[in-house]
Amino acid sequence: MPFHPPTPRRVRTLALAAVAATIAASAALAHNVTEGDAGYVQEVSGFHPIAFIYLGAKHMVTGYDHLLFLAGVIFFLYRSRDIATYVSLFALGHSVTMIAGVWFQISINAYIIDAIIAFSVVYKALDNLGAFRLWFGVQPDTKAATLAFGLLHGFGLATKIQDYDISPDGLLGNLIAFNIGVEIGQLIALALILLVMTHWRARPAFARQAYGANVAMMAAGFALMGFQITGYFLESAAT
């Protein structure tokens with residue numbers, strides 16, 4: 001759909017606000033593994049579905065990077081069938097690599113994978129802005145990109161789970177329970193995002209404001225990338 005870009009001053013204001021909010025959130029929620037959650041998981045063994053469903057749901061509803069990407073994916077989707085298709089592709093991707101990553105102990109530096117996840121937010125914002133058609137004259141396959149980034153997001157989830165140092169006793173069942181929790185959290189978040197988007201889309205100013213919102217989303221993605229890359233180099237220097 002055509003955009004009606006806001007003034008440059010408004011775009012800068014939105015972008016700076018997004019950057020500030022994202023940096024603050026990043027500092028507060030880095031890696032999203034609380035000491036209480038990690039301590040509980042390290043102490044228990046066996047199959048504990050309710051606890052791991054809770055942990056999975058908690059991770060998703062507090063996972064600002066995942067939610068930003070999900071919001072970008074559905075930003076211009078109006079039909080329920082399209083929303084279900086794209087969300088299912090994303091869920092399939094992160095479910096596969098989350099379980100496989102933990103089961104086969106595929107380890108990726110948390111800062112690196114989180115920086116890649118942040119890049120997915122930048123990518124989706126650029127896609128929503130039509131940047132790829134404008135710059136390169138081509139439109140990437142949005143379904144394939146959603147699945148691919150879902151796979152990468154899943155490795156991010158796997159990294160978080162490995163931080164918990166889960167007991168091998170009941171591991172597969174607990175991983176499945178965690179994934180169920182992630183999907184429950186994703187559905188809750190999706191419902192809230194769609195509620196806001198539905199009311200927003202009904203406003204006459206949506207087409208004009210959509211441009212600024214995606215610029216702000218892109219700025220937030222860059223801020224998250226910067227935070228994670230900085231964390232990686234600080235960690236490397238400390239070791």
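Which residues in α4 are buried? In α4, Tyr64, Asp65, His66, Leu67, Phe69, Leu70, Ala71, Gly72, Val73 and Ile74 are buried, where buried means under 20% relative accessible area with a 1.4 Å probe and protein chains only. This helix is mostly covered, with ten of its eleven residues buried.

The model is predicted: local features need pLDDT of at least 70, side-chain atom pairs count only at pLDDT 80 or more, and totals for chains, interfaces and linings use all residues. Residues are numbered from 1 along each chain as its sequence is written, and side-chain values use heavy atoms, leaving out hydrogens and water.

- Not counting residues up to four places away in sequence, Ile74 touches Ile83, Val87, Leu190, Ile193, Leu194 and Arg201, contact being heavy atoms within 4.5 Å.

**Packing of α5 and α9**
- Helix α5 (residues 80-103) packs with helix α9 (residues 171-201) at an angle of about 150°, their axes being 11 Å apart.
- Helix α5 is therefore roughly antiparallel to α9, a term for angles over 145 degrees.
- Residues making this contact include Phe90 and Met98 of α5 and Phe178 and Val182 of α9.
- By class, the contact has 15 nonpolar, four polar and one charged residues.

Conventions: Axes are lines fitted to C-alpha atoms, for helices over the stretch in contact, and angles run from 0 to 180 degrees between N-to-C directions. Helices (H or I, at least four residues) and strands (E, at least two) are DSSP runs, numbered from the N terminus. Angles under 35 degrees count as roughly parallel, over 145 as roughly antiparallel, 65 to 115 as roughly perpendicular and the rest as oblique. Ala, Val, Leu, Ile, Met, Phe, Trp, Tyr, Cys and Pro count as nonpolar, Asp, Glu, Lys and Arg as charged, and the others, Gly among them, as polar. Buried means under 20% relative accessible area, exposed over 50%, partly exposed in between (1.4 Å probe, protein chains only).
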